[in-house]
Amino acid sequence: MAKNNMSIKKPFNYRLLIFVFACFFGIFFSIPSFFQDSEKYPFFKDKSKITLGLDLQGGLSLLLDVDTDVAIENKYSNILSEIKYQSDKKNIFINKLKLHDGEISFVLFDSNKIEEINKIISNIEGAKSIKNGNTFIVTLDEQAIKNVQKEALDQVVFTIRNRLSGFGLTEPNVLKEGVNQIRVEMPGIKNIEEQNRLIELISKNAKLEFMAVDEALASRMANGEAITEYEAEKYDSVLLPYANSINDNIKLPLKAIPILDGSSIVDASSTLDDQKNYAVSFKLDSNGAEVFGDFTGKNVNKRLAIVLDKRIVSAPSINTRIGGGSGIITGNFKQESAKDLSITLKSGALLAPVNVIEKRSVGPSLGADSIKASIIALVSGFILVVAFMIFYYSMAGVFASIALIINLFLIIAIMALFDATLTLPGMAGIVLTVGVAVDANIIINERVREALHSGMGVIKSLKIGYENASRAIFDANITSLIASCLLYIYGTGVIKGFAITTGIGILASIVTAIIGTHGIYLWLGDRIEKSKNTYFWFGIKIKENKQINKTKRIR
């Protein structure tokens, strides 16, 4: 009989292996987050660690006002360019195409092309036209205007968030406030120069336009003739200054209707030109590449101006057709300005300009007090929970407490690896997770004790206890996890911080409370059953112990 027992092979305890791996993983990747000061702890400078939110480490808070009326003007400008491009492409001759007082007007020469021009206008979303003889007036309907204003506000939020992410900030808090205002919170930004650079990066419209140079007017100006804004307008042109010119009176005449704008740019990056000066390379989408290629092919030896926020960055001569949809913007860029321009172009121009109406530097003292209070709450709550678990469940409470500690390490480690931002609500989520995680262990221990009270052995009681408890725990955790995911997807700012910690905490508790402690019991199961105080491991008192033994004898 002994020989047969010796031949029984115990199954591989993969649960314990997972728990041990979770222990090493959690401790190793969470340690750098406890040493936030890079100057004091240089060894942890380049390690992945949790980023503290504005409410914990201080930083810069901005309130921006969004001018959505300009977004409507920009929409009209895009419609103007579209009508010009499509009419030229289909050889429809129009004249006096201009934008004035919120409407586009033009004169159609060939009355046989009315149907074609109407088709062009009808393909523009929200556009409607009125025909008066050969004159067409194009406007946007009311719903289209409302959509443009709403899209402008949403796009500004999205664009600013992309710009800050491109700058290197993790989890910047950008959210709408009121009808046309946006709150931007940037934790850790305390240096004045860095603050000014970020404010410029955020508030810069970065509206890029490719515009043809009016060579006839430029030649007259080169010969000393003074050209006024009014005279340039008669030739459907505008006078714009150079970006790096000290004297804004030095201007270049450009065709008023842009060939392309920055909305066609799909990628941009800082680079070096042939003279090893800093520049910005860009890549256009398929439609932009087609328009750009057609224009440069028809205008060889003429100049093309690259205009940023109504100032000319450069106006190079077109030597050959430029295909492929890529190009380079040169100018007197510094390394930082080239990088910032590439970030703004890649993230897209603001559909509506923003103005900083409130700037507030938040000191870290409030954050230090918050951290101290949260740590006191976390530690005191943890100690009370551990004390109760050990008092009530004895060694089972010790195992539950070990699982709880590893659970906290796992939350910090996973947040650090994903560069998540820890906010004050996030710390509240961690405190809440302590209660949720220990709740799973209480359910398991109670199910095991119920099985022991019915007269089952330790090994069988553990099996039955975990099977019965796991179903209830998984059901509760899955619903809580769904709620956390929805909060993260649809929430903003502090709500996301709370959702991150609770979501990660729920997943970690499954690994530690269900898989981890089960692995420990499987490892120690035989020793527990053979020990003198078998039931004391689960907090069962001597009187209950005798009752269990009596139940066993009856069965």
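Is Arg447 buried, partly exposed or exposed, and what is its relative accessible area?

Author: Arg447 is partly exposed, with a relative accessible area of 30%. The structure is a predicted model, in which local features need pLDDT of at least 70 and side-chain atom pairs count only at pLDDT 80 or more, while totals for chains, interfaces and linings use all residues. Residues are numbered from 1 along each chain as its sequence is written, and side-chain values use heavy atoms, with hydrogens and water left out.

Arg447 forms a salt bridge with Glu450, and the closest N and O atoms are 3.6 Å apart. A salt bridge here is a side-chain nitrogen of Lys or Arg within 4 Å of a carboxyl oxygen of Asp or Glu. Both residues belong to helix H14 (residues 424-453), and because they are three residues apart there, about one helical turn separates them. Helices (H or I, at least four residues) and strands (E, at least two) are DSSP runs, numbered from the N terminus. Glu450 is likewise partly exposed, at 47% relative accessibility. Elsewhere, salt bridges with shared partners join Lys150, Asp154 and Lys176 into one network.

The whole structure contains 13 salt bridges. Another of these pairs Arg303 with Glu215, at 3.2 Å from N to O. This pair links distant parts of the chain, 88 residues apart: Arg303 is in the loop between helix H10 (286-298) and strand E15 (304-308), whereas Glu215 is in helix H8 (residues 215-222). Arg303 is partly exposed at 27%, and Glu215 is partly exposed at 28%. In a further salt bridge, the closest N and O atoms of Glu225 and Arg220 are 2.6 Å apart. Glu225 is partly exposed at 34% relative accessibility, and Arg220 is partly exposed at 23%.

The loop that holds Arg303 also holds Asn301, between H10 and E15. Phi of Asn301 is near 75°, a positive value in a residue other than glycine. Asn301 is exposed, with a relative accessible area of 63%. Asp236 also has a positive phi, of about 55°, although it is not a glycine. Its place is the loop between helix H9 (229-234) and strand E10 (237-241), and Asp236 is partly exposed at 37%.

Helix H4 (residues 68-89) and helix H6 (residues 142-167) pack at an angle of about 115°, with their axes 9 Å apart. Axes are lines fitted to C-alpha atoms, for helices over the stretch in contact, and angles run from 0 to 180 degrees between N-to-C directions. Among the residues that meet are Thr68, Ile72 and Lys75 in H4, and Ile145 and Val148 in H6. Contact means heavy atoms within 4.5 Å.

To place these details in the whole, the chain has 17 helices and 19 strands. Of its 555 residues, 43% are buried. Among contacts between residues at least 6 apart in sequence, 69% join residues at least 24 apart.

Note on methods. Buried means under 20% relative accessible area, exposed over 50%, partly exposed in between (1.4 Å probe, protein chains only).
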